[in-house]
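This report describes a sheet, a pocket and some aromatic rings. Please look at the sequence and the structure before reading on.

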Amino acid sequence: MTFAVRRAQDRGHGDHGWLDSFHTFSFADYHDPAHMGFRVLRVINEDRVQPGRGFGTHGHQDMEILTWVLAGELEHKDSLGTGSIIHARELQYMSAGSGVTHSELNPSKESLVHLLQIWILPAVRGAKPRYDQKSFATALKPGELVLIASPDGASGSIAVRQDMKLFAGVLDSKATATHSLGAPRHAWLQVTAGSITVGDKTLAEGDGLAVSGEPKLAMQSDAPAEFLLFDLP
(Lines give C-alpha, C1' and ligand atoms only; values in the text may rest on other atoms or scores of the structure.)
Protein backbone atom coordinates (compact mmCIF):
# COMPACT_ATOMS: atom_id res chain seq x y z
CA MET A 1 0.00 0.00 0.00
CA THR A 2 1.55 3.29 -1.08
CA PHE A 3 0.41 6.90 -1.09
CA ALA A 4 2.65 9.43 -2.82
CA VAL A 5 1.73 13.13 -2.66
CA ARG A 6 2.67 15.48 -5.49
CA ARG A 7 2.45 19.00 -4.05
CA ALA A 8 1.25 21.84 -6.24
CA GLN A 9 4.30 23.98 -5.50
CA ASP A 10 6.66 21.18 -6.59
CA ARG A 11 5.24 20.97 -10.11
CA GLY A 12 6.99 22.31 -13.16
CA HIS A 13 5.96 25.86 -14.00
CA GLY A 14 6.05 28.05 -17.08
CA ASP A 15 4.80 31.65 -17.19
CA HIS A 16 4.69 32.76 -20.81
CA GLY A 17 2.66 35.91 -20.25
CA TRP A 18 -0.37 34.75 -22.22
CA LEU A 19 -0.16 31.29 -20.61
CA ASP A 20 0.51 30.35 -16.99
CA SER A 21 1.00 26.57 -16.83
CA PHE A 22 1.81 24.07 -14.09
CA HIS A 23 3.05 20.60 -15.08
CA THR A 24 2.37 17.67 -12.73
CA PHE A 25 4.59 15.52 -14.96
CA SER A 26 7.46 16.26 -17.31
CA PHE A 27 6.31 18.36 -20.25
CA ALA A 28 7.90 20.70 -22.81
CA ASP A 29 10.93 22.42 -21.20
CA TYR A 30 10.22 20.88 -17.80
CA HIS A 31 11.91 17.51 -17.39
CA ASP A 32 12.12 15.51 -14.17
CA PRO A 33 13.00 11.80 -14.50
CA ALA A 34 11.18 11.15 -11.21
CA HIS A 35 7.92 12.54 -12.63
CA MET A 36 7.37 11.18 -16.13
CA GLY A 37 3.76 10.18 -15.52
CA PHE A 38 1.86 7.62 -13.49
CA ARG A 39 0.85 4.33 -15.09
CA VAL A 40 -0.91 5.27 -18.39
CA LEU A 41 -1.42 8.86 -17.17
CA ARG A 42 1.25 10.91 -18.95
CA VAL A 43 0.32 14.60 -18.60
CA ILE A 44 -1.70 16.81 -16.28
CA ASN A 45 -1.19 20.47 -17.13
CA GLU A 46 -3.08 23.14 -15.22
CA ASP A 47 -3.35 26.07 -17.63
CA ARG A 48 -4.63 29.62 -17.33
CA VAL A 49 -4.90 31.34 -20.70
CA GLN A 50 -5.28 35.11 -21.07
CA PRO A 51 -8.30 36.58 -22.93
CA GLY A 52 -8.03 36.38 -26.70
CA ARG A 53 -4.94 34.19 -26.58
CA GLY A 54 -4.36 30.48 -27.09
CA PHE A 55 -2.50 27.63 -28.71
CA GLY A 56 -2.06 27.98 -32.47
CA THR A 57 -2.55 25.06 -34.83
CA HIS A 58 -0.29 22.16 -33.85
CA GLY A 59 -0.26 18.40 -34.26
CA HIS A 60 -0.56 15.28 -32.08
CA GLN A 61 -0.28 11.57 -32.73
CA ASP A 62 -1.09 8.44 -30.70
CA MET A 63 -2.32 10.17 -27.56
CA GLU A 64 -5.69 10.31 -25.79
CA ILE A 65 -6.17 13.99 -24.96
CA LEU A 66 -8.77 15.14 -22.43
CA THR A 67 -9.53 18.74 -21.48
CA TRP A 68 -11.53 19.56 -18.36
CA VAL A 69 -12.50 23.23 -18.15
CA LEU A 70 -12.60 24.61 -14.60
CA ALA A 71 -13.66 28.19 -15.38
CA GLY A 72 -14.24 30.24 -18.49
CA GLU A 73 -14.52 28.91 -22.04
CA LEU A 74 -12.17 27.32 -24.56
CA GLU A 75 -12.67 27.40 -28.33
CA HIS A 76 -11.51 24.32 -30.25
CA LYS A 77 -10.92 23.75 -33.97
CA ASP A 78 -9.31 20.69 -35.57
CA SER A 79 -8.49 18.94 -38.83
CA LEU A 80 -11.47 16.61 -38.31
CA GLY A 81 -13.73 19.56 -39.05
CA THR A 82 -14.74 20.04 -35.43
CA GLY A 83 -15.42 23.54 -34.14
CA SER A 84 -16.79 23.98 -30.64
CA ILE A 85 -16.76 25.91 -27.38
CA ILE A 86 -15.96 23.98 -24.19
CA HIS A 87 -17.52 25.37 -21.00
CA ALA A 88 -16.81 24.83 -17.31
CA ARG A 89 -17.44 21.26 -16.13
CA GLU A 90 -17.38 20.03 -19.69
CA LEU A 91 -14.99 17.32 -20.84
CA GLN A 92 -13.47 17.46 -24.30
CA TYR A 93 -11.89 14.37 -25.84
CA MET A 94 -9.62 14.10 -28.85
CA SER A 95 -8.05 10.78 -29.77
CA ALA A 96 -5.07 11.84 -31.89
CA GLY A 97 -4.52 8.34 -33.30
CA SER A 98 -2.79 8.37 -36.68
CA GLY A 99 -2.51 12.16 -36.55
CA VAL A 100 -4.57 15.30 -36.05
CA THR A 101 -3.98 19.04 -35.87
CA HIS A 102 -5.95 21.47 -33.72
CA SER A 103 -5.98 24.91 -32.13
CA GLU A 104 -7.32 26.13 -28.79
CA LEU A 105 -8.26 29.74 -28.03
CA ASN A 106 -9.74 31.66 -25.14
CA PRO A 107 -12.57 33.45 -26.98
CA SER A 108 -13.31 35.86 -24.13
CA LYS A 109 -12.15 39.47 -24.31
CA GLU A 110 -12.21 39.84 -20.52
CA SER A 111 -11.82 36.56 -18.60
CA LEU A 112 -9.17 33.90 -18.18
CA VAL A 113 -9.91 30.32 -19.08
CA HIS A 114 -8.73 27.86 -16.43
CA LEU A 115 -8.40 24.22 -17.47
CA LEU A 116 -6.67 20.89 -17.03
CA GLN A 117 -5.18 19.26 -20.11
CA ILE A 118 -4.69 15.53 -19.64
CA TRP A 119 -2.83 13.05 -21.82
CA ILE A 120 -3.42 9.31 -21.58
CA LEU A 121 -1.26 6.75 -23.36
CA PRO A 122 -3.50 4.85 -25.82
CA ALA A 123 -4.04 1.09 -25.78
CA VAL A 124 -3.78 1.02 -29.60
CA ARG A 125 -1.62 3.04 -31.96
CA GLY A 126 -2.41 4.39 -35.40
CA ALA A 127 -6.18 4.37 -34.89
CA LYS A 128 -8.53 6.73 -36.70
CA PRO A 129 -8.68 10.09 -34.89
CA ARG A 130 -11.96 10.92 -33.18
CA TYR A 131 -13.58 13.66 -31.09
CA ASP A 132 -16.22 13.93 -28.38
CA GLN A 133 -17.43 16.52 -25.88
CA LYS A 134 -19.96 16.36 -23.03
CA SER A 135 -21.14 18.53 -20.17
CA PHE A 136 -21.36 17.02 -16.69
CA ALA A 137 -22.32 20.24 -14.89
CA THR A 138 -25.79 19.10 -13.83
CA ALA A 139 -24.62 15.61 -12.82
CA LEU A 140 -22.13 16.77 -10.18
CA LYS A 141 -23.53 16.52 -6.66
CA PRO A 142 -21.64 16.49 -3.33
CA GLY A 143 -20.35 13.05 -2.41
CA GLU A 144 -21.16 11.44 -5.76
CA LEU A 145 -18.46 10.35 -8.19
CA VAL A 146 -19.53 11.01 -11.78
CA LEU A 147 -17.95 8.81 -14.43
CA ILE A 148 -16.84 11.14 -17.22
CA ALA A 149 -14.51 8.87 -19.25
CA SER A 150 -14.23 5.10 -19.58
CA PRO A 151 -13.23 2.38 -22.08
CA ASP A 152 -16.84 1.64 -23.09
CA GLY A 153 -18.66 4.93 -22.55
CA ALA A 154 -20.55 3.51 -19.55
CA SER A 155 -23.11 5.67 -17.71
CA GLY A 156 -23.02 8.39 -20.33
CA SER A 157 -19.26 8.91 -20.08
CA ILE A 158 -16.95 9.57 -23.02
CA ALA A 159 -15.40 6.40 -24.49
CA VAL A 160 -11.59 6.46 -24.62
CA ARG A 161 -9.02 4.05 -26.06
CA GLN A 162 -7.54 2.87 -22.78
CA ASP A 163 -8.52 0.69 -19.82
CA MET A 164 -8.98 3.62 -17.47
CA LYS A 165 -11.85 5.43 -15.80
CA LEU A 166 -12.00 9.10 -14.96
CA PHE A 167 -14.40 10.44 -12.32
CA ALA A 168 -15.25 14.01 -11.36
CA GLY A 169 -16.32 14.75 -7.81
CA VAL A 170 -17.42 17.59 -5.57
CA LEU A 171 -17.48 17.59 -1.78
CA ASP A 172 -18.77 19.65 1.10
CA SER A 173 -18.77 19.28 4.88
CA LYS A 174 -21.73 16.90 4.77
CA ALA A 175 -20.59 14.57 1.98
CA THR A 176 -17.91 11.88 1.65
CA ALA A 177 -17.06 10.26 -1.68
CA THR A 178 -15.79 6.69 -1.81
CA HIS A 179 -14.29 4.56 -4.56
CA SER A 180 -13.27 0.90 -4.60
CA LEU A 181 -10.21 -0.15 -6.57
CA GLY A 182 -9.74 -3.64 -7.96
CA ALA A 183 -6.68 -5.48 -6.65
CA PRO A 184 -4.36 -4.75 -9.61
CA ARG A 185 -5.63 -1.17 -10.10
CA HIS A 186 -4.07 2.17 -9.18
CA ALA A 187 -5.47 5.66 -8.66
CA TRP A 188 -4.44 9.25 -9.15
CA LEU A 189 -6.36 12.00 -7.36
CA GLN A 190 -6.04 15.59 -8.60
CA VAL A 191 -7.52 18.37 -6.46
CA THR A 192 -8.96 21.16 -8.61
CA ALA A 193 -10.53 23.34 -5.88
CA GLY A 194 -10.50 23.47 -2.09
CA SER A 195 -8.87 20.96 0.23
CA ILE A 196 -9.45 17.20 0.50
CA THR A 197 -8.47 14.58 3.08
CA VAL A 198 -7.70 10.99 2.02
CA GLY A 199 -6.68 8.79 4.91
CA ASP A 200 -3.96 10.70 6.75
CA LYS A 201 -3.14 12.87 3.71
CA THR A 202 -4.49 16.39 3.31
CA LEU A 203 -4.38 17.73 -0.23
CA ALA A 204 -4.74 21.35 -1.27
CA GLU A 205 -5.77 22.79 -4.64
CA GLY A 206 -3.31 21.65 -7.32
CA ASP A 207 -2.01 18.72 -5.25
CA GLY A 208 -2.02 15.19 -6.64
CA LEU A 209 -1.97 11.80 -4.94
CA ALA A 210 -0.76 8.50 -6.41
CA VAL A 211 -2.34 5.42 -4.81
CA SER A 212 -1.36 1.76 -5.20
CA GLY A 213 -2.38 -1.33 -3.23
CA GLU A 214 -5.34 0.35 -1.54
CA PRO A 215 -8.72 -1.39 -2.00
CA LYS A 216 -10.92 1.60 -1.11
CA LEU A 217 -10.52 5.37 -1.08
CA ALA A 218 -12.59 7.84 0.94
CA MET A 219 -12.42 11.56 0.08
CA GLN A 220 -13.59 14.11 2.66
CA SER A 221 -13.61 17.88 3.04
CA ASP A 222 -14.75 20.46 5.61
CA ALA A 223 -15.65 22.94 2.88
CA PRO A 224 -16.60 22.91 -0.82
CA ALA A 225 -13.95 21.11 -2.88
CA GLU A 226 -13.59 19.57 -6.33
CA PHE A 227 -11.36 16.86 -7.76
CA LEU A 228 -10.69 14.37 -10.54
CA LEU A 229 -10.06 10.70 -9.76
CA PHE A 230 -8.29 8.42 -12.25
CA ASP A 231 -8.76 4.63 -11.93
CA LEU A 232 -5.79 3.19 -13.81
CA PRO A 233 -4.38 -0.21 -14.85
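In what order do the seven strands of the open sheet stand? The model is predicted, and in it the order is 2-3-4-11-6-9-12, with antiparallel pairing. Strand 2 and strand 12 (130-135) are at the edges and have a single partner strand each, so one side of each lacks a neighbour in the sheet. On average, neighbouring strands are turned by 15° against each other, direction ignored. Within this sheet, five bridges join strand 3 and strand 4 in the antiparallel sense. S21 has D47 in strand 4 as its bridge partner.

The largest pocket has a volume of about 290 Å³. It is lined by 18 residues, and those closest to its centre are L19, H23, F27, A28 and F55. Strand 2 (12-15), strand 3 (19-23), strand 4 (41-49), strand 5 (54-60) and strand 11 (113-120) each give two or more residues to the lining. Six lining residues are nonpolar, nine are polar and three are charged.

The structure holds four aromatic pairs. Two of them are listed here.

| Pair | Centre to centre | Angle between planes | Type |
|---|---|---|---|
| W18 and F55 | 5.3 Å | 75° | edge-to-face |
| F38 and W188 | 5.7 Å | 50° | tilted |

W18 lies in the loop between strand 2 and strand 3, while F55 is in strand 5, 37 residues apart. F55 is partly exposed, with a relative accessible area of 21%. F38 is in the loop between strand 3 and strand 4 and W188 is in strand 17 (residues 186-193), so their pair ties together parts 150 residues apart in sequence. F38 and W188 are both buried. Together with F25, F38 and W188 form a cluster linked by ring pairs.

Methods. Residues numbered from 1 in each chain as written. Predicted model: local features only at pLDDT ≥ 70, side-chain atom pairs only at ≥ 80, totals over all residues. Heavy atoms only, no water. 1 Å grid on protein atoms, 1.4 Å probe; cavity = no way out; pocket = protein on both sides within 12 Å on 5 of 7 lines; lining within 4 Å. Points joined across faces, edges and corners; volume = space filled by probe spheres on them. Helix = DSSP H or I, 4+ residues; strand = E, 2+ residues; numbered from the N terminus. Nonpolar A, V, L, I, M, F, W, Y, C, P; charged D, E, K, R; others polar. Pairing = 2+ DSSP bridges. Axes fitted to C-alpha atoms, helices over the stretch in contact; angles between N-to-C directions. Phe/Tyr/Trp six-rings, centres within 6.5 Å; stacked < 30°, edge-to-face > 60°. Buried < 20%, exposed > 50% of the residue type's maximum accessible area, 1.4 Å probe, protein only.
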